[in-house]
Amino acid sequence: MRILFSSMPGSGHLNPILPYATALQAQGHDVCICSPKSIGARISKAGFLHVPGPDIPMEDIVAAYAGTEDLTEDEKAKVIIPRAFVNLHSRRALPSVQDAIKTWKPHLIIRDSCEYASLIAADAAGIPHVRIAVLHGDMERKFSLHSADALDAIRQRIGLAADHGASVCAEHAFTAFPKSFGQARVAENAPEPVRVRMPNDAPPKQVGPAKWAPTHGEELIYVTFGTQSGTTDRERQMYRTALDAVADLPVRVLLTTGANMAMHPLGPIPQNVCVEEFVPQAEVFPYAKAVVTHGGSGTVLGTLAAAIPMVVTPMFSDQPNNARAVEAVGAGLALFDTDVPSLRQAINHALSNDSFGRGAAKVAAEMADMQGMDTAIQTILALI
């Protein structure tokens with residue numbers, strides 16, 4: 001069977017779909033991933049056929065977010081979802097997805113839930129499609145609601161009838177978010193998403209201890225604001241805030257910058273901090289006593305599965321939802337107006353309060369009991 005995946009750029013979009021692609025290919029199915037050209041090397045390295053779509057220039061992305069800085073979360077969603085995710089990305093990606101369907105003739109399309117070109121192309125070609133939810137359920141519902149009009153404009157342009165979001169609501173969905181994080185359906189009449197336990201990444205083999213690894217009984221704090229942060233002044237300031245917050249703490253700190261922030265100066269680095277552009281989570285989690293993060297879904301889910309407490313300082317997208325959920329389940333603290341004293345206090349609280357570890361362990365156990373990937377694949381194939 002031929003299965004076409006589609007994804008936007010960025011680890012937060014590609015990573016959630018890769019375990020499904022890996023499992024399907026291991027079962028003997030032909031797998032192809034359609035995504036922007038810029039992540040083609042990573043897809044090919046993972047062993048998958050890649051159909052390149054257009055890359056969106058960074059200046060266009062920045063322009064799509066312009067003027068939203070002072071809006072509320074709901075106001076931002078109403079503007080950014082149709083402007084950036086539908087009209088900027090999906091409208092431009094549609095021709096490459098349509099070409100992939102014509103030449104490769106897939107039996108099924110599996111999409112990153114923020115990528116809509118494949119949804120429209122699948123409906124036009126009469127091909128069944130499912131989505132992998134890459135966001136917290138609250139944000140998935142906002143995407144379903146606020147994308148409908150913009151999607152209808154594209155549908156009508158290629159000869160499809162407007163459906164007012166019906167295709168998204170009828171779509172079967174799969175999510176790695178545990179039930180304790182709240183409702184995952186995008187609408188009352190939508191199917192209940194299948195909650196799937198993600199496979200554990202094996203930590204890479206080390207030749208000697210990493211330079212950031214704690215020694216002499218030190219506790220390690222892992223500070224990460226994801227792989228996409230660092231494009232705005234506010235995001236860049238968060239790195240400096242974190243460095244100043246941990247400077248006087250008796251702990252070892254690993255700060256990962258991501259590629260965007262790696263191009264900007266951080267200023268003085270405290271002696272207890274090691275800075276890296278990227279370190280795999282699976283390599284860090286066995287050492288980490290607590291994680292300070294922006295609240296990206298991949299980081300939050302990975303940290304919860306490892307039963308590690310968090311301090312979440314959200315920046316955008318579904319990160320505020322993730323921050324509130326982490327605090328609600330007792331797995332950490334949410335900081336919405338972060339400065340050096342408040343962040344330092346939150347880190348100390350996370351390290352000294354055992355209740356956060358117990359809360360994280362409870363969620364980790366819940367996630368471990370979710371449906372395994374092999375069962376999820378059987379469910380997907382049964383839909384065809």
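Before comparing helices, I noted that axes are lines fitted to C-alpha atoms, for helices over the stretch in contact, with angles from 0 to 180 degrees between N-to-C directions. Helices (H or I, at least four residues) and strands (E, at least two) are DSSP runs, numbered from the N terminus.

I kept in mind that this is a predicted model, where local features need pLDDT of at least 70, side-chain atom pairs count only at pLDDT 80 or more, and totals for chains, interfaces and linings use all residues. Residues are numbered from 1 along each chain as its sequence is written, and side-chain values use heavy atoms, without hydrogens and water.

**Entry 1: two helices**

I looked up helix α12 (residues 297–305) and helix α15 (residues 354–368), whose axes come within 7 Å and cross at roughly 95°. The two are therefore roughly perpendicular (65 to 115 degrees; under 35 is roughly parallel, over 145 roughly antiparallel, the rest oblique). Which residues make the contact? I found Leu301, Leu304 and Ala305 on α12, and Ala360, Val363, Ala364 and Met367 on α15; contact means heavy atoms within 4.5 Å.

**Entry 2: the cores**

A nonpolar core is a set of buried Ala, Val, Leu, Ile, Met, Phe, Trp, Tyr and Cys residues joined through side-chain atoms within 4.5 Å. Buried means under 20% relative accessible area, exposed over 50%, partly exposed in between (1.4 Å probe, protein chains only). The largest core here has 37 residues, and Phe85 and Phe143 are among those touching the most other members. Helix α5 (73–104) is one of the elements giving two or more residues, and its 13 residues are the largest share. I then saw a second, separate core of 30 residues, including Leu254 and Leu301.

**Entry 3: ring pairs**

How many aromatic pairs does the whole structure hold? My search gave 6. Rings of Phe, Tyr and Trp (its six-membered ring) pair if their centres lie within 6.5 Å; planes under 30 degrees apart are stacked, over 60 edge-to-face, the rest tilted. Phe85 and Phe143 are edge-to-face, 4.8 Å centre to centre with 75° between the planes. Phe85 lies in α5 and Phe143 in α7, so the pair ties together parts 58 residues apart in sequence. Phe85 is buried at 11% relative accessible area, and Phe143 is buried at 3%.

**Entry 4: positive phi**

I noted that His216, although not a glycine, has a positive phi of about 55°. Is His216 buried or exposed? Its relative accessibility is 82%, so His216 counts as exposed. Ala307 has a positive phi near 60° and is partly exposed, at 30%.
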